[in-house]
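Thanks, everyone. Please take a look at the structure on the screen, and then I will go through the surface, the helix and the charged contacts in turn.

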Amino acid sequence: MDTDLSMNLIAARTAMTQNSVQIAVFKKAHEMQTELINSLMQTALSAPPPGQGLRVDKQA
């Protein structure tokens, strides 16, 4: 009977650990996606306004 209880406790602890790892991986993936989106948005917002940068000024 003690073995059944200890096996149940080990199984519960294992499940908790697996859930914690899954949550950590999900959070890290979300952070990486957010950083990528922010990087792309900064690049898009720093682009020259429409009508500029289309031609090269060879006299400069």
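Of the 60 residues in the protein chain, 0% are buried, where buried means under 20% relative accessible area, exposed means over 50%, and partly exposed lies in between (1.4 Å probe, protein chains only). This is a predicted model, in which local features need pLDDT of at least 70 and side-chain atom pairs count only at pLDDT 80 or more, while totals for chains, interfaces and linings use all residues. Residues are numbered from 1 along each chain as its sequence is written, and side-chain values use heavy atoms, with hydrogens and water left out.

The accessible surface of the protein chain is about 6,100 Å², and 62% of that belongs to carbon and sulfur atoms; these areas come from the Shrake-Rupley method with a 1.4 Å probe, and for residues only the protein chains shown count as cover.

As for secondary structure, the chain has one helix and zero strands, both being DSSP runs numbered from the N terminus (helices H or I, at least four residues; strands E, at least two).

Which residue pair forms a salt bridge? The search of the whole structure finds one such bridge, and it joins Lys 28 to Glu 31, with the closest N and O atoms 4.0 Å apart; the criterion is a side-chain nitrogen of Lys or Arg within 4 Å of a carboxyl oxygen of Asp or Glu. Because Lys 28 and Glu 31 are three residues apart in helix 1, about one helical turn separates them. Lys 28 is partly exposed, at 47% relative accessible area, and Glu 31 is likewise partly exposed, at 41%.
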